[in-house]
Amino acid sequence: MATLTETLSDTTLFRGMGEGDIESVVSQTVIRQFPKNTVIVSQGDDTDSFYVILQGKVDVFLHNDKGKEIIINTLGERESFGELAPLGGIPRQASIITTEDSTFGVISRQVFMDTLLTKPTVSMRIIDLLIQRIQDLTEEVSSLALEDVYNRVVRVLYKHAEEVGEKLVTEKLTQQDIASRVGATREMVHRILKELKTGGYISIEGKHITIEKKLPPGW
């Protein structure tokens with residue numbers, strides 16, 4: 001794992017800061033480790049720390065009082081979360097859960113705000129970061145509102161796949177993972193994947209899905 005200094009220097013927010021400034025932030029950052037499936041932040045919490053992912057991966061999700069959940073984003077190493085709470089003093093807008101054993105750099109609101117106020121480049125980057133988050137959220141909401149379940153499933157498969165040789169292979173995704181991302185039941189996702197597999201469009205090995213050929217435009 002990279003050092004805390006290396007990781008902070010390579011995050012969107014702190015990239016380009018001088019070595020002395022980075023070390024100042026590092027000296028005031030707390031390292032915390034959490035096992036898989038730990039809720040780090042809960043929707044509605046009044047906590048105000050800023051988190052940088054040093055190792056691992058998390059899901060960002062929303063839930064209602066009936067227990068229904070939907071995953072709106074996935075974040076990995078050198079990405080961050082929790083920017084809004086320190087800025088606005090508002091409750092957490094979403095929950096964060098680890099999807100594998102993870103390590104975080106936790107930066108207090110005071111350190112976060114001092115950095116923003118004294119480093120204009122960091123202030124500009126936080127604006128860029130929040131704009132990107134809004135764009136991502138708008139895209140997710142648009143997909144949920146305007147696309148049918150099949151096309152939302154296709155979108156998730158492509159979004160979470162990487163090239164392996166000449167094919168696209170997803171990261172580990174269960175049918176429930178996909179269902180939570182598209183706002184559908186696991187049974188509906190199962191039917192869609194089963195038909196795609198029968199048609200030779202995908203193959204499934206464990207929790208990895210291989211896209212064998214371009215997925216059809218409709219189901």
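This is a predicted model: local features need pLDDT of at least 70, side-chain atom pairs count only at pLDDT 80 or more; totals for chains, interfaces and linings use all residues.

Mentor: Let us begin with one pair of residues. V41 stands opposite I96, a residue of β7. Strand β7 covers residues 95-98 and pairs with β2 in the antiparallel sense, over two bridges. Both strands belong to an open sheet of four strands, whose order is β2-β7-β4-β5 and whose pairing is antiparallel. Two of these strands, β2 (39-41) and β5 (69-76), are the edge strands, as each pairs on one side only. From one strand to the next, the twist averages 35°.

From the sheet we may turn to the helices. Helix α4 spans residues 109-118, and its buried residues are V111, F112, M113, T115 and L116. These buried residues of α4 pack against several elements: the helices α2 (19-27), α3 (84-88) and α5, together with the strands β3 (50-55) and β8 (102-107).

Helix α5 comprises residues 120-146, and I127 is found in it. I127 counts as partly exposed because its relative accessibility is 42%, and buried would require a value under 20%, exposed one over 50%. Along with M124 and I131, I127 makes a nonpolar surface patch of about 280 Å².

Conventions:
Residues are numbered from 1 along each chain as its sequence is written. Side-chain values use heavy atoms; hydrogens and water are left out. Patches are made of residues with over 30% relative accessible area and no salt bridge: like charges are joined within 9 Å, nonpolar side chains (Val, Leu, Ile, Met, Phe, Trp, Tyr) within 5 Å. Accessible areas come from the Shrake-Rupley method with a 1.4 Å probe; for residues, only the protein chains shown count as cover. A salt bridge is a side-chain nitrogen of Lys or Arg within 4 Å of a carboxyl oxygen of Asp or Glu. Buried means under 20% relative accessible area, exposed over 50%, partly exposed in between (1.4 Å probe, protein chains only). Contact means heavy atoms within 4.5 Å. Two strands pair if DSSP finds at least two bridges between them. Axes are lines fitted to C-alpha atoms, for helices over the stretch in contact, and angles run from 0 to 180 degrees between N-to-C directions.
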